[in-house]
Amino acid sequence: MEERYNPHEIELRWQSIWDKNKSFKAFEDTSKEKYFLMEMFPYPSGRIHMGHVRNYTIGDVVARYKRMCGVNVIHPMGWDAFGMPAENAAIKNKSHPAKWTYENIDYMKKQLKRMGFSYDWDREIATCDPSYYKWEQLMFLKMLEKGLAYRKKSFVNWCDSCTTVLANEQVENGACWRCGEMVKQKELDGWFFKITDYAEELLEYTDKLPGWPDRVLTMQRNWIGKSIGAKLRFVLESDPQQFIEVFTTRPDTLFGATFMSLAPENPLAKELSRGTEQEKQVDLFIEEVLMEDRLLRGSETQEKKGVFTGAYCINPLTNSRMPVYVANFVLMEYGTGAVMAVPAHDSRDFAFAKKYDLPVIVVIQPHGEELDPATMEDAYVNPGIMVNSDKFNGMENEAAKTAIIDYLKKQGMGNFTINYRLRDWGISRQRYWGAPIPVVYCDKCGLVPVAEKDLPVVLPIDIEFPKSGISPLPDIEEFVQTTCPKCLGPARRDTDTMDTFVESSWYFARYTCPDSTDSPIDLKKAGYWMPVDQYIGGIEHAVLHLLYSRFFTKVMRDLGYLKTDEPFINLLTQGMVIKDGSKMSKSKGNVVDPNKLINEYGADTVRLFCLFAAPPERDLEWNANAVEGASRFLARIWRIVFEENERIKDAEVFAGGDLSSDAIKELHRKTHETIKRVTDDIDTRFHFNTAISAVMELVNLVNQVREKGVDEDAYPEVLKMAIETALKLLSPMVPHIAEELWRILGHDTFLLNEPWPVYDKGVLTREIMTIVLQVNGKLRSRIEVPVDLHNDELKKIALEDQHIKRFTNGLNVRKVIVVQGKLVNIVAN
C-alpha cells in the first residue's frame, strides 16, 4: 500500500475494472425488488458542467446505495440530442449539427465515465439516432389515427432568433426559453398533440403523486388551470344565426355585461370588421398587438387598448346591444378568446370602459352600501347582493351563479362547463435538427400518413448546413419530393420537424428495451421496470418536460405500449450550483470546469464536495476551500488504513461480547449509531451532507481512540469494524477510494456488491447520557450522568454544578424542571 493517496491512478483503474466486469449491467429479475433510477439526460450541446456533476452524483449515490441494499437497480443514461440547444450550439461553433452533436456525445460520455457513475451503458440512447425516432414517428401515426395529432392554422409563438415556433410552455416571461429573445405571435399551419384530451386526468393525478415536490405539482395544476363556469352565446345583431361564444366563471354578472372583447388572434376579430369602415383600423391594431409581449398584454399594469369592430352582439338576458371590440388584454388561450365585459365588476373592463366611454352597470351591491357607477374609481369584485338583475334581484351573488346558468340552459343560451387554461401542444418546428414529421402532401389525396413499413423518415445528414440557421429541408429536393403511399403519385414531404420535447417525453420507457426492433416498447420488460422509481432533475422542467412526459405516458398506455398511468413515482428537483451570487453560466464568466477539478483532486473529491456542501434540494454555493476540505478528509481515511492495516487486516470484525474499555465501548456504539444515521439520511431524506457529517464524526472518533492507545483484546476487532463500516457507508459517495481500501484490507469482493451494514438497536442503548443544564432557559453547562439516574438525584447534581452555582448565586431557586434524557432547567429570580 502506498503511503500517499493517489486518486488518479486508483480511479482510472477501478473504472476500467467496473467497465470490464459490466458491474452495472441490469437484467430483469422477478425474484428481486426493482428500482428504476434516472437523472434527466443532458443536451449534448457542449461540455458537462458542475450542475450536471451534482445532479448525476446525487443519482449515483442512490443507485449504489439501493444496489447494496439488495435491490435490482437499473440506472441508464442517454442524450437529448435533437432540437434547438444542439442546433444553436452547432451554428455558433460553425459546425454541422450532426457532427457537433456526436462529437459532444463522445466527449461528454468520457467525462461521465471519469466521474465513476454507475450507468448501464448498454442501454445508452441518442434521440437523434433513426433507430430511436423511428418509433417516435410510429407513435405520431398512431396518435394521428386516434385523433390525438392534428394539423391546423393558428396564431403561434414565434422566435425570430431561433426561427421557429414555440409551445406555450416554452415561453418564459414573454421570452424564448432557449435564447431569451422576446416572442411574437405569427399565424402558421402546424401540428398539434391533443394534450387537452388528458387535462382532467393530468390534473386528477397530481393528487396521486405524494413523492413529488408540492411546488412542482402546484405549478402543473396552475398551468392546467381548471375553471368551472358557463359557456354563453351572444347572438350577432347583423346575423341572428351567428353568435359569439364566451366562457365565464361569473354568470352572476351577466346583467352588467355592456360590451364584448375579442382577442386579436380570434378569427372573428377580422371577420366582423370586413366591409366596414373599421376594417383598416382593426387590421392595423391586430398587427400592432401581435408584436407585443403576450405576458405584458395579460398583466394588470399594461395599458388597456382596443378598437371597435363595427359589429354588435345581443346580451342574452337584457337584450341590449353590446359593441364588439378587439382588446389587447384578451388572450386567445383563455376560454374562447372572447370575454363578456362587465366593467362594474372587473378591473380591466372598468379601465377599458372609462377609456372608451362605455356603460358601467352595477349588478352586485355590497351589504349595507350602494355603489354609484358615476363615482366608482374601480370595479367592485367582492360578494354581495344582486341588483339590476330582474328576477334574480335580492339573491346572494354566489347563489345567483347557479340560478342564472339554470335559466340560460332552459332558454338554450348557455350551460355549465369546465374550462382549462391548458392548450394543445404545438409540436411543429421550422428547424432542421429534429425528427421529421411522417406525413406527405399529395395534390390528389391531400394529407397522407407515411406507411409504417417506410419508417423511419430519415433526416438527411449529408447536406450543407446554412449559417443562418434557417432550415434547409424545404430546399432539399431529394428529401421533399416523394411518392404518395395511397395513389403512388408524386407527393411532398412535410418539412417541419418535431419539438425536441417529444423525444424526451418517452425516452425513459425506451431505456427498458433499447434494443427492441419490433415495437417502441417491449411490454414485458417495461412491465417489470416501469414506472421510474426515482427521477432527478431541475425545477425548470416542472411544466415543460415533466407535464409532457406525464401526457405521453398516458398516450402510450392507451396505445397499448405501457401499463402504467404515470412515468415517475418520486421526483427530486435539485438546486442550482451558485458562484459569486449567480448560477454558473458561460455568459457570466463564473463557470468552474469539472475536468480541472478532477485533474487536481480526483473524481471522489468532486463527488464528496457536491454532496457535502448542501442538501440536494438547496442551491449549492461554490467554495474552493470546501473542495480542499473534502480532499483532506479522503486523505485522512487513507492514512488511517495505511497506519492500521497491519493491526487489523487479520482481525475478525467484532461480533459482540463484553468490552471493558469505555473508549472501545463508545467506538462500538458510535459505529452502530453512524449506520443508523447514514441509512436514515440516504434512504428517507437524501440528506447526503448530514450522512457524510456522521461518517466524519466516526472517523474523528477512530482517530481519538487510536491516539489514546487502548489496551484491550477486542480493540483490533472493534477498530476494524469501525473502519470497514465507514468504507461501506462512504462507498456510494466516493466509490473509488472505498473499493481500493476494501481490497487493501484483504477482501477479494467488490465493495459495491457487499450488503449495506445493519445497526444493532441493543448497542445503541447508552449507559451514560449528556444532560444540558439551563438557568431560566439559557444554556449554562453540560454534565454526563448514568442513563438510569433518578430525577431527584439529577436535580441535586445539577444544582451542585459549579457553573450553575455561579449563575444562581444570590438568586432564589423557585423551580427545577427535568426534561427526561435531555435537560434540566433551573428557574430562579
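These legends walk through a few close-up views of one predicted model. Residue numbers start from 1 along each chain as its sequence is written, and side-chain values use heavy atoms, with hydrogens and water left out. Because the model is predicted, local features need pLDDT of at least 70 and side-chain atom pairs count only at pLDDT 80 or more, while totals for chains, interfaces and linings use all residues.

**Overview. The protein chain holds 27 helices and 34 strands.** Helices (H or I, at least four residues) and strands (E, at least two) are DSSP runs, numbered from the N terminus. The C-alpha trace spans about 105 × 85 × 50 Å along its principal axes. Of the 829 residues, 57% are buried; here buried means under 20% relative accessible area, exposed means over 50%, and partly exposed lies in between (1.4 Å probe, protein chains only). Take the contacts with a separation of 6 or more: 73% of them link residues 24 or more positions apart. A contact means heavy atoms within 4.5 Å.

**View 1. His52 sits in helix 2 (residues 50-68).** His52 counts as buried because its relative accessibility is 14%. Setting aside its neighbours within four places in sequence, His52 touches Pro42 and Arg47. Pro438 is 386 residues from His52 in sequence, and their C-alpha atoms are 34 Å apart in space.

**View 2. Helix 9 (residues 279-289) has the buried residues Val282, Phe285, Ile286 and Val289.** These lie on the same side of helix 9 because they cover an arc of only 100° around the axis, the arc being that of the directions from the helix axis to the C-beta atoms. An α-helix has 3.6 residues a turn, so residues three or four places apart point the same way. On the face turned away from the buried side of helix 9, look for the exposed residues Lys280, Leu284 and Glu287.

**View 3. Strand 12 (residues 259-262) pairs with strand 15 (residues 338-341) and with strand 14 (residues 321-327).** Two strands pair if DSSP finds at least two bridges between them. Strands 12 and 15 run antiparallel and share 4 bridges, with Phe259 opposite Ala341. Strands 12 and 14 run parallel, joined by 3 bridges, and here Met260 has Val324 as its bridge partner. Phe259 and Ser261 point one way from strand 12, Met260 and Leu262 point the other way, and all are buried.

**View 4. Helix 19 (residues 603-612) crosses helix 24 (residues 735-744) at roughly 120°, with the axes coming within 7 Å.** That angle makes helix 19 oblique to helix 24. Axes are lines fitted to C-alpha atoms, for helices over the stretch in contact, and angles run from 0 to 180 degrees between N-to-C directions. Under 35 degrees counts as roughly parallel, over 145 as roughly antiparallel, 65 to 115 as roughly perpendicular and the rest as oblique. Ala603, Asp604 and Arg607 in helix 19 meet Pro735, His736 and Ile737 in helix 24.

**View 5. Four strands form an open sheet in the order 22-21-24-23, with antiparallel pairing.** Strand 22 (446-449) and strand 23 (481-483) are the edge strands, each pairing on one side only. Ignoring direction, neighbouring strands of this sheet are turned by 45° against each other on average. Strand 21 (residues 439-442) is joined to strand 24 (residues 490-493) by 2 bridges, and Val440 has Arg493 in strand 24 as its bridge partner.
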